[in-house]
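User: I am new to this structure and would like to learn how to read it. Could you walk me through it step by step?

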Amino acid sequence: MVRPVASPAPQPAALGRLLAEVIEPGLCVACGACLGLCPHLIFMDGQVAAPDACGLTSGRCYSFCPVAQRDALGESQGTLGPVLGAWQGRATAPDLEGRAQYGGVVSELLALALEQSMVGEAVVTAAGLRGAPQGIRASERVGVLGAAGSVYAGGGALGRLNQALEEDASHPLAVVGLPCQVQAISAMRAAPRPNPAAERLHLVIGLFCTMNLPWRGLRDLLARHGVRPPLDRADFPPPPAGVFQVWGNGGYHEIPLEEVRALSYPGCAGCGDLTSEGADLSVGACEGKPGWNTILSRTHAGTGLLELAAGKGLLELEPADPASLEHLNQAAAAKRKRAAAWSEERRHG
């Protein structure tokens, strides 16, 4: 008697896997990589939601998700990833003073890339009218300045990038993102052709990140401390400050760091990337030098833009202080170690 051949088990839908592995366990970090690709995923009040089902067995929503693909990420090159040059710098333009984060380097580089037509648009995160973070597309300096400063909450900004890539256009694009977003962008660039991300993404500026916050939780925490969004400015000063600094409602407020840390996305715990290793340029606070940025140039495109800005006098630039760089290496190693321990604990319960 010939045994009947068993049919292969049906593959689970990509959206179903995204829901089961990332969204329903509360591990989504609101990067937005899954947004703007189809009608089945939306961004609502600071979080990704799936109001409808989708039966596709493979989908970009799953293959671009940095949390779902974390195990597929390649090995890092050293503690900080590939680095062609390490600098500290600040922007010299007076219109950035008091509105940009730290030295204003990210805003100045983006504005220059737009002015020189290196890119036609830049996707960035900005606070909306009520303070909620959201992705926006800027095509000139005034738009970049409108997004200056850090929001410290997930805004699904890569949904705007997906929107731009879906349009019938050819101009090159720039993106500013956190490490999770830079990881998603790397996945987008590596997707099979035809691949508009590989063709049109000409500049990626990554930010240093130790944690990111869900907007709903941050909004409620601010309310408990008598602060009403939108904020004028926010910052995590280096240790031993132990506070989250907030400027808003005409005043200055300090919120204990442990209250803020308790809010952070659970999915951030598995991220071992402090400095956005897959970016062209990575930028963060410069330890020991308030009002300056630390800048890591990682590609020739990033280095070229940095040198152009310095040559035009738009940036004051000097080699990174070795002691500051050593502390950055230590912080990056510590984040990687925490992430590995978190992932190991999840694997083995």
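Analyst: We will go through helices, strands, salt bridges and cores in turn. Please keep in mind that this is a predicted model.

User: Which residues of α11 are buried?

Analyst: Here we look at relative accessible area, where buried means under 20%. In α11, the buried residues are Ser 324, Leu 328, Ala 332, Lys 335, Ala 339 and Ser 343. They pack against β12, residues 293-297.

User: Then let us look at that strand. How many residues of β12 are buried?

Analyst: Five of the five residues of β12 are buried, so the strand is largely enclosed by the rest of the structure. Next, check which way the side chains point. Asn 293, Ile 295 and Ser 297 point one way from β12, while Thr 294 and Leu 296 point the other way, and all are buried.

User: Which strands pair with β12?

Analyst: For pairing, we look at the bridges between strands and at their direction. β3 and β12 run antiparallel and are joined by five bridges, with Gly 85 standing opposite Ser 297 of β12. β11 also pairs with β12 in the antiparallel sense, over five bridges. In that pairing, Ser 282 is opposite Leu 296 of β12.

User: How do I read a helix that has a buried face? Which residues of helix α8 are buried?

Analyst: In helix α8 (residues 215-224), the buried ones are Trp 215, Gly 217, Leu 218, Leu 221 and Leu 222. Seen down the axis of α8, these buried residues fall within an arc of 160°, so they line one face of the helix. Ala 223 and Arg 224, on the other side of α8, are exposed.

User: What do the buried residues of α8 pack against? And what follows α8?

Analyst: The packing partners are β5 (133-138), β9 (243-248), β10 (251-256) and α9. After α8 comes Gly 226, which has a positive phi, near 75°.

User: Now for charged side chains. How many salt bridges does the structure hold?

Analyst: There are 13 salt bridges in the structure. Arg 17 and Glu 21 make a salt bridge in which the closest N and O atoms are 3.6 Å apart. Both lie in helix α1 (residues 14-23), four residues apart, which is about one turn of the helix. Arg 17 counts as partly exposed at 32% relative accessibility, and Glu 21 is partly exposed too, with a relative accessible area of 34%.

User: Which parts does the pair of Arg 141 and Asp 95 tie together?

Analyst: The side chains of Arg 141 and Asp 95 meet in a salt bridge, 2.9 Å from N to O. Arg 141 is in helix α4 (residues 141-146) and Asp 95 is in the loop between β3 (85-91) and α3 (105-115), so the pair ties together parts that are 46 residues apart in sequence.

User: Where do Glu 277 and Arg 336 lie?

Analyst: Glu 277 and Arg 336 form a salt bridge whose closest N and O atoms are 2.5 Å apart. This pair links distant parts of the chain, 59 residues apart: Glu 277 lies in the loop between α9 (257-261) and β11 (281-285), and Arg 336 in helix α11. Glu 277 counts as buried at 13% relative accessibility, whereas Arg 336 is partly exposed with a relative accessible area of 26%.

User: Which residues are linked in a network of salt bridges?

Analyst: Asp 45, Arg 216, Arg 219 and Asp 220 are linked in such a network.

User: Finally, the nonpolar cores. How many residues has the largest one?

Analyst: To read a core, look at its size, then at its contacts and contributors. The largest nonpolar core has 42 residues, and those with the most contacts inside it are Leu 18, Leu 41, Leu 158 and Leu 161. Elements that each supply at least two residues of this core include α1, α5 (158-166) and β7 (201-207). Another core, of 31 residues, lies apart from it, and among its members are Val 105, Leu 109, Val 124 and Ala 138.

Definitions and conventions:
Residues are numbered from 1 along each chain as its sequence is written. This is a predicted model: local features need pLDDT of at least 70, side-chain atom pairs count only at pLDDT 80 or more; totals for chains, interfaces and linings use all residues. Side-chain values use heavy atoms; hydrogens and water are left out. Buried means under 20% relative accessible area, exposed over 50%, partly exposed in between (1.4 Å probe, protein chains only). Contact means heavy atoms within 4.5 Å. A salt bridge is a side-chain nitrogen of Lys or Arg within 4 Å of a carboxyl oxygen of Asp or Glu. The arc is that of the directions from the helix axis to the C-beta atoms. Two strands pair if DSSP finds at least two bridges between them. A nonpolar core is a set of buried Ala, Val, Leu, Ile, Met, Phe, Trp, Tyr and Cys residues joined through side-chain atoms within 4.5 Å.
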